[in-house]
Amino acid sequence: MRARALFVGTALSLALAVAGPVSAKVPMAIVEANISGPGLGGDGGGIRIDPPAADQMWESGIVNDSKWASLSEFGVAQSDLGPRYLVTYRVMFASGPEDQVLRQELYPYAKGGPVTHTSAGQELRSGPDRIPIIAGWYETSTEFLEFLVGQGLPSRNPLP
């Protein structure tokens, strides 16, 4: 139990550090994260993560500005990624009633550890402010994978 509490505290600290530059300007929260992909049921329902657990999704690097521009820069080959999952985030700002959607690819079983990819052209709006989301690849942690498994992701790659 103590280890779990330490993990949650560390994850929240990381979330604040990752979200810090954006949230210092405009407070926001992930109000829902939906993950779809192989091994998550044939009905296409996938996994839905709601608050407070959704706060741990910041570790995916969705608003982190220290991403790699390409896989080769990251040192991972396309064949080393494993299956692709799609994460759809609903994000809400404290300053407005409307929520917004961001999308990210998740490769939880990549060789060397889980990675995510955020595609170009996404942004968030809070009133007149536009916050661009930086495209690229981001390395996550084994703790993030453990969190995802706890939310329903298969513990091992479901594809041969």
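The legends below describe close-up views of a predicted model.

Residues are numbered from 1 along each chain as its sequence is written, and side-chain values rest on heavy atoms, with hydrogens and water left out. Because the model is predicted, local features need pLDDT of at least 70 and side-chain atom pairs count only at pLDDT 80 or more, while totals for chains, interfaces and linings use all residues.

**View 1. Elements and confidence of the whole chain.** The protein holds three helices and eight strands, where helices (H or I, at least four residues) and strands (E, at least two) are DSSP runs numbered from the N terminus. Along the sequence the pattern reads α-β-β-α-β-β-β-β-β-β-α. The pLDDT, the predictor's confidence in each residue from 0 to 100, averages 79, and 80% of the residues score at least 70. Of the 160 residues, 43% count as buried; buried means under 20% relative accessible area, exposed over 50%, and partly exposed in between (1.4 Å probe, protein chains only).

**View 2. The six-stranded open sheet.** The strands are ordered E2-E1-E3-E4-E5-E8, with antiparallel pairing; two strands pair if DSSP finds at least two bridges between them. E2 and strand E8 (136-139) are the edge strands, each pairing on one side only. On average, neighbouring strands of this sheet are turned by 25° against each other, direction ignored. Helix H3 lies across E1, E2 and E4 and runs at about 110° to E2. Axes are lines fitted to C-alpha atoms, for helices over the stretch in contact, and angles run from 0 to 180 degrees between N-to-C directions.

View 3. The antiparallel strands E3 and E4 are joined by eight bridges. Val-91 has Gln-100 as its bridge partner in E4, and Arg-90 stands opposite Val-101 in E4. E4 and E5, also antiparallel, are joined by three bridges. Here Glu-105 is partnered by His-117 in E5.

**View 4. The largest nonpolar core and a second one.** A nonpolar core is a set of buried Ala, Val, Leu, Ile, Met, Phe, Trp, Tyr and Cys residues joined through side-chain atoms within 4.5 Å. The largest such core has 29 residues, of which Ile-35, Ile-49, Met-57, Tyr-89, Leu-124, Leu-148 and Leu-153 touch the most other members. Two or more residues each come from strand E1 (28-36), strand E2 (47-49), strand E3 (85-93), strand E4 (99-107) and helix H3 (142-151). E3 gives the largest share, five residues. A second, separate core of eight residues includes Phe-74, Leu-81, Tyr-107 and Trp-137.

View 5. Not counting residues up to four places away in sequence, Leu-124 touches Met-28, Val-91, Phe-93, Gln-100, Leu-102, Asp-129, Arg-130, Ile-131 and Ile-133. In strand E6 (residues 123-126), Leu-124 and Ser-126 make up the covered face, and Glu-123 and Arg-125 the uncovered one. In a regular strand the side chains alternate between the two faces of the sheet. E6 and strand E7 (residues 129-132) run antiparallel and are joined by four bridges. Arg-130 in E7 is the bridge partner of Arg-125. The two strands form a hairpin with two residues between them, and Gly-127 in the turn has a positive phi of about 60°.

**View 6. The edge-to-face pair Tyr-85 and Tyr-109.** A search of the whole structure finds three aromatic pairs. Rings of Phe, Tyr and Trp (its six-membered ring) pair if their centres lie within 6.5 Å; planes under 30 degrees apart count as stacked, over 60 as edge-to-face and the rest as tilted. The rings of Tyr-85 and Tyr-109 are edge-to-face because their centres are 6.2 Å apart and their planes at 65°. Tyr-85 lies in strand E3 and Tyr-109 in the loop between E4 and strand E5 (115-118), so the pair ties together parts that are 24 residues apart in sequence. Tyr-85 is buried, at a relative accessible area of 0%, and Tyr-109 counts as buried at 16% relative accessibility.

**View 7. The stacked pair Phe-144 and Phe-147.** This aromatic pair is stacked, with 6.2 Å centre to centre and 25° between the planes. Phe-144 and Phe-147 are three residues apart in helix H3, so about one helical turn separates them. Both Phe-144 and Phe-147 are buried.

How values were computed
Contact means heavy atoms within 4.5 Å.
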